[in-house]
Amino acid sequence: MSELTIRPAKISRVIPDSIASEIGFEVGDAIESINGTRPRDLIDYQFLCADEFLTLEVLDTKGKKHRLEIEKDYNEDLGLEFETALFDGLIQCNNKCPFCFIDQQPEGKRETLYYKDDDYRLSFLYGSYLTLTNLTAREWQRIEQMRISPLFVSVHATEPDVRIRLLKNPRAGQILDNLKWFQERQLQIHAQVVVCPTINDGIHLERTLLDLVSFHRGDIPAVESVAVVPVGLTRFRPAEDELIPVTTEKAREVIAQVQILQKKFRQEFESNVVWLADEWFLIARMDLPPQSHYEDYPQIGNGVGSIRQFIRDFQKTAKKFLPQKIFPARRWTWVVGNAVEHAFQPLVKRLNQVEGLTVELVALNSNYWGQEITVTGLLTGQDLIDGLKDRNLGDGILLPSVMLKDGDTVFLDDTRLETVASRLNVPIFPVMGVEELMETCIKDMASSS
């Protein structure tokens, strides 16, 4: 990649009391080079800034260049955050997976909803999944040299013909060779298998899981963990695709199949190694496994154990946070996706044990996406308007912030939070996590208004 394509790293935040704050960095300044090297991304930045002596070329907000020399402790952070983690642009995906959520959206929404990345840097930094089919020889070399590990890889199938069918890319058939490459270099991945009924389920799923777990050996296993996830479909998917949704019966079948393998893996590795996403149990209308099942939650970002973890955190926080009663009395509407309706009933019951507090759980599916069962994060503004109109919503709506764009008040359908509040004629309170949920439930409305 030519250095001409690398943009200066524009600063979005200067952490108070940091080295950068003391020097006088401001939001909007941009770093052009560190010790003579232009960083491609946040990985380069972190690697270059580990040194004790730094020479920075900086472009200020007025376009003036500065040369700064900094002496600090080894690995001491400068205290800067940036507008993007990638200063040289996004590595785009060239696969045509029929289940790709990007391709299952309607046209005409905000541009960022259609970014289709397959970038190993985002995988390493944030746990997003890539397929390994878009890497050039230079990128493979960089992963090896900089020990960029672990990565999160969408495998889906290890049989070459099945994976090529799913990804619509002939390079997809090289996945076992890719895994051997990681194994030989003692680098690691966390794998994901999205199950598409009639394509990679049944004997194909078993083959895939056995192949992946064969790389779970040694002190540094190449495959650290595997998540099995049900395919998610919307009404906007291409009409010609061959996908069918996961039914209750199929979910129960997959759960039984994977649990047999988990028992085998526990005997050999003292770990499940392979994990079922919570959605399987929700679709199957079965109870979630106990907390102990999830070990150290290696696939929490893939929805494996996230509901159980939320319930655990709720119970612990409730013991020390919820009062016996509140005054004046308040009534809330807590909106979630109907996938978690059964699992959250005990939580609502606990909230309503507080004298003066009434919380009604409203579990919605998404007509916008055309789904009968919907996870909370996929509910849209229009779903809320349609599902909550003509209801008594009490003092306000408790809205899990996972429904909104990070750092903004816009839903996946581009409806704004303010629009929904206006249409429903009720205040809406985005809440992130258990503690904020409880704080909002019991806070004094008069003093907070």
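Biologist: Which residues have the most contacts inside the largest nonpolar core?

Modeller: In this predicted model, the largest nonpolar core has 96 residues, and those with the most contacts inside it are Phe-182, Leu-209, Val-228, Trp-280, Trp-334 and Phe-344. Helix α8 (residues 248–269) gives the largest share of this core, 7 residues. Apart from this core lies another one, of 24 residues, including Ile-6, Ile-34, Leu-48 and Cys-49.

Biologist: What does Val-228 touch, not counting residues up to four places away in sequence?

Modeller: Its partners are Val-193, Val-195, Leu-205, Leu-209, Val-254, Val-274, Trp-275, Leu-276, Ala-277 and Trp-280.

Biologist: Now to charges. How many salt bridges does the structure hold?

Modeller: The general idea first: side chains of opposite charge can pair when their charged atoms come close. There are 23 salt bridges here. Take Arg-13 and Glu-81, whose closest N and O atoms are 3.1 Å apart. This pair links distant parts of the chain, with Arg-13 in strand β1 (residues 9–14) and Glu-81 in strand β5 (residues 80–82), 68 residues apart.

Biologist: Is Arg-121 buried or exposed?

Modeller: Arg-121 has a relative accessible area of 0%, so it is buried. Its salt-bridge partner Asp-119, with closest N and O atoms 2.6 Å away, is at 1% and therefore counts as buried. For Arg-13, the value is 39%, so that residue counts as partly exposed. Glu-81, at 34%, also counts as partly exposed.

Biologist: Which residues are linked with Arg-121 in a network of salt bridges?

Modeller: Arg-40, Asp-41, Asp-44, Asp-88, Asp-119, Glu-139 and Arg-142 are linked with Arg-121 in that network.

Notes: Residues are numbered from 1 along each chain as its sequence is written. This is a predicted model: local features need pLDDT of at least 70, side-chain atom pairs count only at pLDDT 80 or more; totals for chains, interfaces and linings use all residues. Side-chain values use heavy atoms; hydrogens and water are left out. A nonpolar core is a set of buried Ala, Val, Leu, Ile, Met, Phe, Trp, Tyr and Cys residues joined through side-chain atoms within 4.5 Å. Buried means under 20% relative accessible area, exposed over 50%, partly exposed in between (1.4 Å probe, protein chains only). Helices (H or I, at least four residues) and strands (E, at least two) are DSSP runs, numbered from the N terminus. Contact means heavy atoms within 4.5 Å. A salt bridge is a side-chain nitrogen of Lys or Arg within 4 Å of a carboxyl oxygen of Asp or Glu.
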